[in-house]
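Hi,

Here is the structure I promised to pass on. Have a look at it first, and then read my notes below.

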Amino acid sequence: MKHIFRSVVLALATGSLLSLTGGATAQEVKERNIKLAFANTDDSAHGAGARKFAQVVAQKSGGKLKIKLYPGGTLGGEAVVASSMQGGTIEMSMMGPGLLTGMDKEFGIFDTPFLFDDFKEVDAALDGPVGRKLLDKLPAKGLVGLSYWDHGFRIVTNSKRPITKVEDIAGLKIRVQQIPVFIDTFNTLGANAVPMPFPELYSALETKAVDGQENPFVTAEVTKLYEVQKYATATRHAYSPLLVMASKKFWDQLSRDEQKLLLDAAEEVKPYQRQVSRDMDAKAVDALKAKGVAVVELSAQERARMRDKLKPVIEKHKQGLGETGRDMTAEIERIRTAK
């Protein structure tokens, strides 16, 4: 009888303790205003993900954590925002890995030509141990990686001719990002690669200073490149994720409950944002066609020919990526084998 009585008392005490603990945990979430800055527009897939993230965070925190969005580079370009995050004056952002490559060269893995074949490979690799290992490098740079969202596969447009095979690229002046591997990639494919800041692109295409460019379909559509480009080819020669990040200075001020809440929210929104991004890219193809752009879906055989031609570039690039390059290659091979 005494044993039963002790069990009841213990159960009641434990229940009370759990109740108190739950109350204490709830109070670990404080009233906070969080600035989330990003370079793309509010009506982009980036903006859709940011809005959903703000809603989920507000719901999970009972309205205590308030995410205020600053789209369209209103708080500065990505370099300025990253620096402000490191300094703790901007709490959160999302951006592609290009800027991070300057902080840690291993983020350059995403610039590798033809690294991924499709979105299934992308998602499996980024959501696996190699993707996590890359995010774990960010705190040393004053940043904290929360999740990988979607920015999309890059394609090629031009004003001269349809590209249906690798030989069709020869001689075209293609604007590329100011990144060595992209310059090497298009020069090796036979083009004349012209590195140029993105804001100068439309004018360069309009004046025929360059014949074409490479970006996701949706970028070509929203920036009205259909006005100065006749042909688009789904080469899918490179994939860029969208990294959701926080300032480490800000992160270290948060309770564990607040940190978990933001991590959980970023992961919860991830499939939604990825789907929105990919749906928008597919709609952009239809929009470009409606504007008179001839869209070519490059065959698997031609993609393989391009990849073969780029083997020296790929190997040279991966040599500078160290362990991450080897790990990512092995992980993608494992994913392909399991398909």
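**What I found**

Phe-114 lies in the loop between helix H4 (98-101) and H5, where helices (H or I, at least four residues) and strands (E, at least two) are DSSP runs numbered from the N terminus. Phe-114 has a positive phi of about 55° even though it is not a glycine. Most residues other than glycine have a negative phi. At 3% relative accessibility Phe-114 also counts as buried; the cut-offs are under 20% relative accessible area for buried, over 50% for exposed and anything in between for partly exposed, with a 1.4 Å probe and protein chains only.

Before I go on, a word on the source: this is a predicted model, where local features need pLDDT of at least 70 and side-chain atom pairs count only at pLDDT 80 or more, while totals for chains, interfaces and linings use all residues. Residues are numbered from 1 along each chain as its sequence is written, and side-chain values use heavy atoms, with hydrogens and water left out.

Arg-236 is another non-glycine with a positive phi, about 50° here. Arg-236 is in the loop between strand E9 (231-233) and strand E10 (239-247), and is partly exposed at 26% relative accessible area.

**The chain as a whole**

There are 14 helices and 11 strands in the chain. Its C-alpha atoms fill a box of roughly 90 × 45 × 35 Å along the principal axes. Of the 339 residues, 49% count as buried. The chain exposes about 15800 Å², with carbon and sulfur atoms supplying 55% of that (Shrake-Rupley method, 1.4 Å probe; for residues, only the protein chains shown count as cover).

Taking contact to mean heavy atoms within 4.5 Å, 76% of the contacts between residues at least 6 apart in sequence join residues at least 24 apart.

**Rings**

How many aromatic pairs does the structure hold? There are six, counting rings of Phe, Tyr and Trp (its six-membered ring) whose centres lie within 6.5 Å; planes under 30 degrees apart are stacked, over 60 edge-to-face and the rest tilted. One of the pairs is Phe-53 with Trp-149, which is edge-to-face at 6.3 Å centre to centre and 70° between the planes. That pair links distant parts of the chain: Phe-53 is in helix H2 (residues 45-60) and Trp-149 is in strand E4 (residues 143-153), 96 residues apart. Phe-53 is buried, at 0% relative accessible area, and Trp-149 counts as buried at 1%.

Elsewhere, Phe-116, Phe-119, Phe-153 and Tyr-239 make up one aromatic cluster.

For Lys-52 the ring is that of Tyr-272, with the charged end 5.4 Å from its centre; for Lys-68 the ring is that of Tyr-70, at 5.5 Å. The test asks for NZ of Lys or CZ of Arg within 6 Å of the ring centre and within 35 degrees of the ring normal.

Glu-331 is in helix H14 (residues 322-338). Is Glu-331 buried or exposed? Glu-331 counts as buried, at 10% relative accessibility. Leaving aside neighbours within four places in sequence, Glu-331 is in contact with Ala-124, Ala-125, Pro-129 and Val-130.

Asp-127 is in the loop between helix H5 (119-126) and helix H6 (129-135). Asp-127 is partly exposed, with a relative accessible area of 40%. Not counting residues up to four places away in sequence, Asp-127 touches Lys-270 and Arg-274. Lys-68 is 59 residues from Asp-127 in sequence and 27 Å from it in space, C-alpha to C-alpha.

Leu-99 lies in helix H4 and is partly exposed, with a relative accessible area of 28%. Setting aside neighbours within four places in sequence, Leu-99 is in contact with Glu-78, Ala-79 and Ala-82.

Ser-203 sits in helix H8 (residues 201-206), partly exposed at 42% relative accessible area. Ser-203 and Val-228 are 25 residues apart in sequence, with their C-alpha atoms 9.3 Å apart in space.

Cheers
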